[in-house]
Structure formats: C-alpha cells, structure tokens
Amino acid sequence: GTARFVRQSIYDQAASGAAADVGALYEVSPALSLGTAVRHLGVVADLDREATELPLQVRAGAAYRPEPRLLLAGDVQWIRGVATSLHLGAEGRVGGRLLLRAGYQTADGRDLSLGLGLRGRTWALDYAYVPLASGLGEGHRLSLCFSRPDPLR
C-alpha cells in the first residue's frame, strides 16, 4: 500500500487532500499468481466551491508461467467514469538474455504494443513500442536499470 498528500491549485485557489493505494498478491502455485489493487482512495477539498473527485481505479489480474521461458498475463481495469478495459501480455525468453514481449489493451485506443529486453548479471535494458491514442503517433520507451549481483544466482 501507499499513502500520499495531494495538492492542486489554479490562480489564487488551492485545495489539498489525501489518497491511498492498496493491493494484494496471492501465489496460487509457482506457475500462477493472482493480484488485485485499488488506487486513488481518498478525498480532495473543495477548489472554489467544487471538489475534485480522484480517479478511483480497481484492477484484478493473473500471471501464468506454463514453462520457465514463457509468461502470460492479463488484467481487467475499471476507472470511475471511464469504460472498463482489458489488458493482455506475453513474454518469451530466447536464449539466456533476450526477452520478446507483446501486449494488447482495449483502453485508450492503443491496441497492440511490442517490446524486447536484454538482461545481464547486473543490468537490464528494455524497449517498448506503444501506439498512442487520438492520432498522436507512437511512443518509444527505453529504460536501463542497474542492480547489485544476486549472490544466489
């Protein structure tokens, strides 16, 4: 879970409040995990006579690893005032270091996304291609992470 302070302002008006996220993850078996989360629980005070409603979000999903080199995942997302959406994804390991990924979602008009990852002992490089909604083109996400070597690996 998390808790946070929220503040918004426009011109000389300001309002603040508090928000929290809670979630749970349950490992049914080494191959199957189930999870759920509720985000943006809380309130924000009135801003010039009108309160801002936080975008309450509920998600529930599952991850299944039928074999060590394949991961399948999916979740359902509900956001207050927005249509419910479905998110599906798959990741396959090729060799010891290369990960190939594909995803599909029904939200935001994004449809199919693709990605790949490279893994080293102390680093990870990830790339994702994500089409954007409303004719805004596409997004390219790149991340590089470093960590200490795991002595148990």
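**Notebook: salt bridges, pocket and patch**

I began with Asp-21, and it comes out buried, with a relative accessible area of 12%. A reminder to myself: I am looking at a predicted model.

**Entry 1. Asp-21 and its arginines**

What does Asp-21 pair with? I found a salt bridge to Arg-4, where the closest N and O atoms are 3.1 Å apart. Asp-21 sits in strand 2 (residues 13–29) and Arg-4 in strand 1, so this pair ties together parts that are 17 residues apart in sequence. I checked Arg-4 too: its relative accessibility is 31%, so I noted Arg-4 as partly exposed.

Asp-21 also forms a salt bridge with Arg-39, and here the closest N and O atoms are 3.8 Å apart. Arg-39 belongs to strand 3 (residues 32–44) and Asp-21 to strand 2, so the pair links parts that are 18 residues apart in sequence. Is Arg-39 buried, exposed or partly exposed? I get 33% relative accessibility for Arg-39, so it goes down as partly exposed.

**Entry 2. Asp-75 and Arg-59**

Next I went to Asp-75. It forms a salt bridge with Arg-59, the closest N and O atoms being 3.0 Å apart. Asp-75 is in strand 7 and Arg-59 in strand 6 (residues 57–67), so this bridge ties together parts that are 16 residues apart in sequence. Asp-75 is buried because its relative accessible area is 18%, and the cut-off for buried is under 20%. Arg-59 has a relative accessible area of 25%, so I wrote it down as partly exposed.

I also looked for bridges that share partners. Glu-91, Arg-101, Arg-119 and Asp-126 are joined into one network that way. How many salt bridges are there in the whole structure? My search of it gives 6.

**Entry 3. His-40**

I stopped at His-40, which lies in strand 3. Its phi is near 65°, a positive value in a residue other than glycine. I flagged this because most residues other than glycine have a negative phi. His-40 has a relative accessible area of 18%, so it counts as buried.

**Entry 4. The largest pocket**

I then looked up the largest pocket, and its volume is about 550 Å³. I count 27 residues in the lining. Which of them lie nearest the centre? They are Leu-88, Gly-89, Ala-102, Gly-103 and Ser-113.

I wanted to know which elements build the lining. Strand 7 (70–79), strand 8 (82–94), strand 9 (98–105), strand 10 (111–119) and strand 11 (123–131) each supply at least two residues. Strand 11 gives the largest share, with 6 residues. Sorted by class, I have 13 nonpolar, 7 polar and 7 charged residues in that lining.

Which elements give two or more residues to it? I noted strand 10 and strand 12 (138–146).

I took a further look at Phe-146, which lies in strand 12. Phe-146 reaches 64% relative accessibility, so it counts as exposed, the cut-off for exposed being over 50%.

**Entry 5. Two C-alpha distances**

Last, I looked up a couple of separations. Gly-115 lies in strand 10, and at 15% relative accessibility Gly-115 counts as buried. Gly-115 and His-140 are 25 residues apart along the chain, and their C-alpha atoms are separated by 9.4 Å.

The other pair is Gln-8 and Arg-141. Gln-8 is in strand 1 (residues 2–10), and its relative accessibility is 22%, so I have Gln-8 as partly exposed. How far apart are the C-alpha atoms of Gln-8 and Arg-141? I get 28 Å, for two residues that are 133 residues apart along the chain.

Note on methods: Residues numbered from 1 in each chain as written. Predicted model: local features only at pLDDT ≥ 70, side-chain atom pairs only at ≥ 80, totals over all residues. Heavy atoms only, no water. 1 Å grid on protein atoms, 1.4 Å probe; cavity = no way out; pocket = protein on both sides within 12 Å on 5 of 7 lines; lining within 4 Å. Points joined across faces, edges and corners; volume = space filled by probe spheres on them. Helix = DSSP H or I, 4+ residues; strand = E, 2+ residues; numbered from the N terminus. Nonpolar A, V, L, I, M, F, W, Y, C, P; charged D, E, K, R; others polar. Buried < 20%, exposed > 50% of the residue type's maximum accessible area, 1.4 Å probe, protein only. Salt bridge = Lys/Arg side-chain N within 4 Å of Asp/Glu carboxyl O.
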